Amino acid sequence: MNQIHQTAQQGFSHAAQLYQHARPNYPEAVVNWLKQDLALDAQSSVIDLGAGTGKFLPYLKQVTSAIYAVEPIREMLQQLQAAHPDVIAIQAHSTAIPLASESIDAIVCAQSFHWFANIETLNEMHQLLRPEGHLGLIWNQRDEHVPWVKAIADILAPLEGDTPRYHSGEWKKVFEYQQLFQLERAHVFPHSHCGSVEQVVSQRLLSTSFIAAMPEAEQLALKAEFEAVIFSFTGKRPSDQITFPYVTYVYDFKKI
């Protein structure tokens, strides 16, 4: 079960630096969510699982310093270590995390759980968490109520193939027939990412796993297509400023 999905391995190893640069951060509301729903404080120990380049670490650091960043892809972990040398970084798979049983207060998966939504991972998490421990899942999703965002989503949809995605809902199935975790609360927060069209639209989309795994010529053609969509809807060029609207979904599961 220690297999990384080929699209993740190929795309994220190639695009680790772009991922760090172009991906949005998270709404500040997640800090209160960590404290209130996940019951974290300065004494809590936390795993950021599938930590990627460390985009969620600044929010965890506002709550505790006892953080383990676990990520299987070496290139992503190198970006994380460069940005957060104070965090303990562990290259490991979600089913084989080298930490003691019942030693962790919470496990947080930011933009990652859909890659390893399997019962082996839930068993590993359950073993690592203390009684009353929490599993927190977070995803930023494009707000497709905005017409130009929907137009871009329509370009992306046929390219996804079998790539695991939050919006497919497939990740929820692992919670259906198990006695390890129960959903306590879910929230939705508004969010946005501001910058140039090139950074927050085209480069952000090029950091998507299944696009980052494509040949460069195909990526450049898609970049031009994304920028043409933005221009047709908004009149904005690649260097113009734009706000990319997101919706952030958070879930608090408690260890049974």
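Tutor: Start with residue classes: Ala, Val, Leu, Ile, Met, Phe, Trp, Tyr, Cys and Pro count as nonpolar, Asp, Glu, Lys and Arg as charged, and the others as polar. Keep in mind that this is a predicted model.

Student: What makes up the lining of the second largest pocket, by class?
Tutor: Three nonpolar, three polar and four charged residues. The lining includes Asp 162, Arg 165, Glu 170 and Lys 173. Asp, Glu, Lys and Arg count as charged, so these four carry that label. Ala 117, Pro 164 and Trp 171 also line the pocket, and their types count as nonpolar. The pocket holds about 160 Å³ of space.

Student: Why is Glu 160 called buried?
Tutor: Its relative accessible area is 14%. Buried means under 20%, so Glu 160 qualifies. Glu 160 sits in the loop between α7 and β6.

Student: What makes the link between Glu 160 and His 167 a polar contact?
Tutor: The side chains are joined at 2.9 Å. The cut-off is within 3.5 Å for a pair of N or O atoms, so the pair passes. Glu 160 also touches Arg 165 and Phe 210.

Student: How do you know that helix α7 is mostly covered?
Tutor: Seven of its 10 residues are buried. Among them are Trp 148, Ile 152 and Leu 156.

Technical notes. Residues are numbered from 1 along each chain as its sequence is written. This is a predicted model: local features need pLDDT of at least 70, side-chain atom pairs count only at pLDDT 80 or more; totals for chains, interfaces and linings use all residues. Side-chain values use heavy atoms; hydrogens and water are left out. Buried means under 20% relative accessible area, exposed over 50%, partly exposed in between (1.4 Å probe, protein chains only). Helices (H or I, at least four residues) and strands (E, at least two) are DSSP runs, numbered from the N terminus. On a 1 Å grid over the protein atoms alone, a cavity is a set of points where a 1.4 Å probe fits but cannot get out, and a pocket is an open set with protein on both sides within 12 Å along at least five of seven lines; lining residues have an atom within 4 Å of a point. Grid points are joined across faces, edges and corners, and a volume is the space filled by probe spheres set on the points. A polar contact is a pair of N or O atoms within 3.5 Å; within protein, one must be able to donate a hydrogen and the other to accept it, and residues adjacent in sequence count only if both atoms are side-chain atoms. Contact means heavy atoms within 4.5 Å. Lists of a residue's contacts leave out its neighbours within four places in sequence.
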